[in-house]
Amino acid sequence: MRSLALILVCCLMLSGCSGLPTSREMGDMALLRTMGVDTAPQGVAVTVSTGPRAKGLQAEGEKALVLSAQEESLSAACLAMQGLSDSYVFFGYVDQLLVGDELARTGLRPVLDYFARDVELGLGAQLWLIRDGSAQEAVESGGEEGVDGRLSTLQTDGKLGVAAISRTAGEVYTDLLEQGAAFVPALMAEEAEDASLTESGYGILKGDRLIGYLEGNAARGLELLAGRAPAEVLTVKLEDNQVSARVISARTTPRLLFREEVPVGLRLACQIELELTEYSSPLNQGQREELSAVLERELLERLEQTLTKLRQWQADCVGLGLRSAINNPGKWQDIEQTWPAWFEELQPEIILQIKVHD
C-alpha cells in the first residue's frame, strides 16, 4: 500500500505543468513564480508573485506583480486571483512554495495534496517554511524585484553545498508518507527595509505538522545524518597555530541491532572528510593528531544534539530506521509501525571516523 502511494506521488510530480492555455498571448499573462500560503480568519490566505516582468516589444522592465486573496479553501483563493489582475494569472510556472509558521503547525497535508492534484501546479516546487512569520510577509519582502530570485539563489547554493539543503514539495511529501516525518529548510523575513530572506535552520514535520526547529549546531548535525557536508568552516586553536577546516563529505550508515525479534540498539557509522582551508604555520604530526581529536569532538557534539532533539520529538526525519531496514527487512516490518517510540527509547551508538586532507 505504501509503495502504491509513493508511485502515485511520483506520477503526480511528473504531471506538473500542462502547458500554456492556447487562447492567451504571453503578453496578456501574469506568469507566477512564487506562492505563499498562510492561515486566515476566512480559512486560507494565498499570496503570489511574478518575477520582474517584460513590458511591450522593447521588453522594458516592470516591477513584480504581487496578488493576495483570502478564501475558505486554497482552490477558492487561487481562483480569486483571476479577478485581481488585468492579466490572466497562470500558475504553471510556480516553482517556489512558501508556507507560514502558523499554517505549518496546523498541518501541511492539504497544501501538498492540492499541489499534487492541480493541473497547473506540481510537487516539483521548492518548499520553504517561514519561521516565526507569514508567507505573505516573505513574498512581499522581495519588493519590486520579487522574491523568486533570492529563492532560486538559495536553491542553487543548497545544491552546491554552500547553503541549507533545499527540498521539493514532492521530496517532503514522500518522506511524510514513507517515514512519517520530514525536514524542511526554514527562512526568516527580516523586518528591516530592503532586507532579504535569510536561512534559519530546518523545520521538523511529524505527521504533517511542524513540531519544532533545528538551528546552529543541531542543524549542521542534521545535514551530517542526511549525508550532506554542512556549509561551515570549523576553526581550532592549537597553541600559536590557528587552523580552519571545512567538511567536504559526510556519510552516515545506520544499523539496527536486534536480540531475537526485539531491537536493542541503533548504531550509526559516520565517515566525515575535512579539508584544511587555513593555518598559521604547517602542522606537525602532533598538531595533526590534536586537530583530529578536537574536530571529532565538535562533530560528535553536533550529531548528539541533533539526535537528542529528534528522539524527544519521536521524529526520524532522516529515515535512520528505514535506511537500516536493508539489513533486516523482515524484522523491520515487525517494528515499523511502532518505530517512533523505539527511536526515542534506543540510545544511538555513534562510531565517528574523520579524515583531514591538506
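A hairpin joins strand 1 to strand 2 through 2 residues, where strands are DSSP runs of E with at least two residues and helices are DSSP runs of H or I with at least four, each numbered from the N terminus; two strands pair if DSSP finds at least two bridges between them. This is a predicted model, in which local features need pLDDT of at least 70 and side-chain atom pairs count only at pLDDT 80 or more, while totals for chains, interfaces and linings use all residues. Residues are numbered from 1 along each chain as its sequence is written, and side-chain values use heavy atoms, with hydrogens and water left out.

**Strand 1 and its partners**

- Strand 1 covers residues 29–40, and because 9 of its 12 residues are buried, it is largely enclosed by the rest of the structure; buried means under 20% relative accessible area, exposed means over 50%, and partly exposed lies in between, with a 1.4 Å probe and protein chains only.
- With strand 2 (residues 43–50), strand 1 pairs in the antiparallel sense over 8 bridges, and within this pairing Thr-34 stands opposite Ser-49.
- Strand 1 runs parallel to strand 6 (residues 88–90), to which 3 bridges join it, with Ala-30 standing opposite Val-89.
- Strand 7 (residues 96–100) also runs parallel to strand 1 and is joined to it by 4 bridges, and there Val-99 is the bridge partner of Val-37.

**Helix 9**

- The 29 residues of helix 9 should span 42 Å at 1.5 Å a residue, and this agrees with its end C-alpha atoms, which are 43 Å apart; the expected span is 1.5 Å times one less than the number of residues.
- At the start of helix 9, a side-chain oxygen of Asn-284 comes to within 3.1 Å of the backbone nitrogen of Gly-286, whereas just after the helix Gln-314 takes a positive phi of about 55°.
- The buried residues of helix 9 include Leu-291, Leu-295, Leu-299, Arg-302, Thr-306 and Trp-313.
- An α-helix has 3.6 residues a turn, so residues three or four places apart point the same way.

- Asp-316 is found in the loop between helix 9 (285–313) and helix 10 (320–324).
- Although Asp-316 is buried, it has no salt bridge, and the nearest side chain of opposite charge, Arg-323, is 6.6 Å away; a salt bridge is a side-chain nitrogen of Lys or Arg within 4 Å of a carboxyl oxygen of Asp or Glu.
- A polar atom of the Asp-316 side chain lies 3.2 Å from the backbone nitrogen of Gly-319, and the side chain of Asp-316 also reaches the backbone nitrogen of Leu-320 at 2.9 Å.
- Leaving aside residues up to four places away in sequence, Asp-316 touches Gln-179, Ala-181, Gly-321, Trp-339 and Phe-343, where contact means heavy atoms within 4.5 Å.

**Other loop residues**

- Asp-132, in the loop between strand 8 (126–130) and helix 5 (135–140), has a phi near 55°, a positive value in a residue other than glycine, and it is exposed, with a relative accessible area of 59%.
- Glu-239 sits in the loop between strand 12 and strand 13 (241–259); it has a positive phi of about 55° although it is not a glycine, and at 67% relative accessibility it counts as exposed.
- Gly-227 lies in the loop between helix 8 (216–225) and strand 12 (233–238) and counts as partly exposed at 38% relative accessibility.
- Gly-227 and Ser-249 are 22 residues apart in sequence, and their C-alpha atoms are 7.7 Å apart in space.

Key
Lys, Arg positive; Asp, Glu negative; His and termini not counted. Polar contact = N/O pair within 3.5 Å; in protein donor to acceptor, adjacent residues only side chain to side chain.
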